[in-house]
Amino acid sequence: MGVVEGVGPARPARDDARVVVDPGSLGWVLAIPVALLALALILLLGPPLGELLGRDGEGYAFWQELSWAVNPEPTEQGRFLLALAAPFAFAGALAAAVRRGVALPPRVAALGVPLAQALLLAFVLLCVAEQQWLVYEVPIYQEGVSHHWRYFTPATLVVAVLLAGSAGFALARADTRARLAALVRETPGRRVAALVVAVLATALWLLHALNTDASIMGTTSYEWSPAQFTLDETYAILNGRTPLVDFTAQYGSLWPYATALSLLLFGETFFVFSLAMCTITAVALVALYAVLRRVTRNGVTALLLFLPVLATSLFKVNGTLTSRYTFGDYFGVFPLRYAGPFLLAWLVVRQLDPEPGGRDRRLWLLFAAAGLVVLNNAEFGVVALVACVAALLWAGRDEPSARTLGRLVGQVALGLAAAYAAFALFTLVRAGELPQLGRLLDYSRLYADGAFGLRTVHADLGLHLVIYMTYVVAIAVASVRRLEGASNRPLTGMLAWSGVFGLGCGAYFIGRSHPELLIAMFPVWALTLALLTVDAIGRLAARPAMRPGIGTLLVLTGMAVCVCSLAQTPLPWTQLDRLAQDTPTTPLIEGEAALPDYDGAFLPDASTRGFFTSDDGAPVAILLTTGHQIAHAFDVDNVSRYTGMYSMVDRDRLRTVVEDLRAAGGTTLFLPETYDEVYATLEGWGFERQPDEVAWGSTPVSKWVDTSGRGEGSG
């Protein structure tokens, strides 16, 4: 299925009227009715399922000025859930058909495979063509300006098709395959060299994400603004807050401990912070090289696959080759969301490795690590956990049974319990309280249930459906390999892992379907294409007489598109020059002016120490995006459990902060310029605005004092 071509003669059944076909061919034939049924269910049942879920934003007291951002998508969410179920329904149907020895009429067997492949090709071509013409009328960067988001230009697509065709032609020739195998043959020296090149290439690609206190302000708000949120999550820890206890992180609850430690050891600068973030990202990306090395058993081959995956993972969203915006410098994606899952992928492939010592001993430790990934970021962490279970099921040595499933469930439960126990002990020692697991889903509920910030998918057809189909194909190929008893268990398991993880984290794009966020899906998409390429080449090598079919050529084309991303490779000397500048660098987006008024937004101004310090030394609530950094610099206790006012999009969050402030014995609250409704709400709770103000960048900050005399409660 996908890249699995129907090869070899069909095996005669008990009579001449029907034939039994191989799992790959049967998968192609089954794909047509399953796809039609899934499409019908998605279209018909999506709306009522969405209404049943009832995610309409009720129960959230959003500020009136933000009512425009509340956009319920019940139909889209219902259809997405049904689309998630489709590949697993196909896998179950295929397994049942193979195990029952389903036989097909000869005409169906002969025509089904090429018909399914032709339909897949037509679907992909239609989606790619539609993407080239899509125009986004909604404001993205400048009000009233429409934007094309082709992602890959026609020239890139043409080059990719030529590369894929050339590769397919070469791989179809046994003599060429033999010469290529000799060229990439692994030796101990080549294995070490490949690892060194992978590490150096990763470091090179991440140079653009390094910034100093000066250079970060030369970027646009699409880079420095989210950097404030991730920076504040680190400073919240330095200021004494404990995630999941008295602080609710939006991006990561555990990784900020590592970045906080780096600031303590090497200096509290943005350069040290960005270097720590890039180091975590680098380790996670190199883990993907290690995954490919285990899957291919060849360091050179793994490197050739890894470099396009690396380039596509750090695909340029906007800017220039020197000053670029990617999801490598949007730290909320890399490393805070992706690093944990990619390290889990490496642990899974080690577990599946058939080498001595690679059996599933100490399996609970894998799930303990998965538990920590969930505790860091539940949105991607839960999906990664499910993907680990899928990898073990698809690549297991034994047939699924109640006993094997029970053992696996026990190992999962033991590992998750160990992760929680370790983290609970840590928070108990640090904060004197146990973690509140409900905080893991605080922001997820805000978006999914509250419908805040959601955006409807821009079109019915486009690249997003090509990416979705890649994951469906990966699960299908993993299923075929399982039914065939393929010997490369790591490859089978990782195909299932990447397919499941890719489908699950696709909710990140489906929820807020900003065209920019589709690029955030590229890392796992590129990894999936690399794994499918390994399977395709392996099948060609195993059957010298077989020519590449449509499925194989589509996979090779997708991988060739990733290869074209290498054209964005940064030049190291330009990055070093950028970092050496004492003044802000060129803005990323052409035509947008630099923002000198925001200089200092990352650096607490020493002259404001008296303003941010309460007279009696009591705790305060600083509701600026870098409020915990300011509090840490001025040695005051900021009790806000959120990253500034911009994270408190509803009345209840502000009430919680006021309750925390009063419970801690504080009376002073600092507020950036905001909505009149917020001011009126604070006045209603007994706060009075003080006459003095300071500037935080270009934003005035006011001081509010609680005059109600209440020790606790918000009134």
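Trainee: Which residues lie nearest the centre of the largest cavity, and how many residues line it?

Mentor: Happy to! Please keep in mind that this is a predicted model. Rolling a probe the size of a water molecule over the atoms shows where empty space is left. Here the count comes to three cavities of 30 Å³ or more, and the largest of them has a volume of about 110 Å³. Its lining is made of 15 residues, and the ones nearest the centre are Ala249, Gln250, Asn377, Ala378 and Leu440. Two helices, H13 (378-394) and H15 (442-448), each give at least two residues to the lining of this cavity. H15 provides the largest share, with three residues. Sorted by class, the lining of the largest cavity holds six nonpolar, six polar and three charged residues.

Now compare that with an open space, the second largest pocket. Its volume is about 1500 Å³. This pocket is lined by 45 residues, with Leu39, Ile42, Phe123, Leu465 and Tyr468 lying nearest its centre. The elements that supply two or more residues to its lining are helices H1 (23-53), H2 (74-99), H3 (106-133), H16 (463-484), H17 (489-505) and H18 (507-511). H1 gives the largest share, 10 residues. By class, the lining of the second largest pocket has 36 nonpolar, five polar and four charged residues.

From the spaces, let us turn to the packed parts. The largest nonpolar core contains 155 residues, and Tyr338, Phe367, Trp497, Phe501 and Phe522 are those with the most contacts inside it. Helix H9 (residues 270-296) contributes the largest share of this core, 14 residues. You can pick out Phe367 and follow its contacts: leaving aside neighbours within four places in sequence, Phe367 is in contact with Leu385, Cys388, Val389, Leu392, Leu408, Gln411, Val412, Gly415 and Leu416. There is also a second, separate core of 26 residues, which includes Phe62, Trp63, Phe452 and Leu682.

You will find Leu682 in helix H25 (residues 676-684). Leu682 counts as buried because its relative accessibility is 0%, and the cut-off for buried is under 20%. Not counting residues up to four places away in sequence, Leu682 touches Leu654, Val658, Leu669, Leu671, Phe687 and Trp704. Leu682 and Arg655 are 27 residues apart along the chain, and their C-alpha atoms are separated by 9.1 Å.

Strand S9 covers residues 687-696 and strand S10 covers residues 699-706; the two run antiparallel and are joined by seven bridges. Ala695 stands opposite Pro700 in S10. Together S9 and S10 form a hairpin with two residues between them, and Gly697 in the turn has a positive phi of about 65 degrees.

Let us finish with Val657, which lies in helix H24 (residues 651-663). Val657 is buried, with a relative accessible area of 1%. Beyond residues up to four places away in sequence, Val657 touches Ala621, Leu623, Ser640, Arg641, Tyr642 and Met648.

Key
Residues are numbered from 1 along each chain as its sequence is written. This is a predicted model: local features need pLDDT of at least 70, side-chain atom pairs count only at pLDDT 80 or more; totals for chains, interfaces and linings use all residues. Side-chain values use heavy atoms; hydrogens and water are left out. Two strands pair if DSSP finds at least two bridges between them. Helices (H or I, at least four residues) and strands (E, at least two) are DSSP runs, numbered from the N terminus. On a 1 Å grid over the protein atoms alone, a cavity is a set of points where a 1.4 Å probe fits but cannot get out, and a pocket is an open set with protein on both sides within 12 Å along at least five of seven lines; lining residues have an atom within 4 Å of a point. Grid points are joined across faces, edges and corners, and a volume is the space filled by probe spheres set on the points. Ala, Val, Leu, Ile, Met, Phe, Trp, Tyr, Cys and Pro count as nonpolar, Asp, Glu, Lys and Arg as charged, and the others, Gly among them, as polar. A nonpolar core is a set of buried Ala, Val, Leu, Ile, Met, Phe, Trp, Tyr and Cys residues joined through side-chain atoms within 4.5 Å. Buried means under 20% relative accessible area, exposed over 50%, partly exposed in between (1.4 Å probe, protein chains only). Contact means heavy atoms within 4.5 Å.
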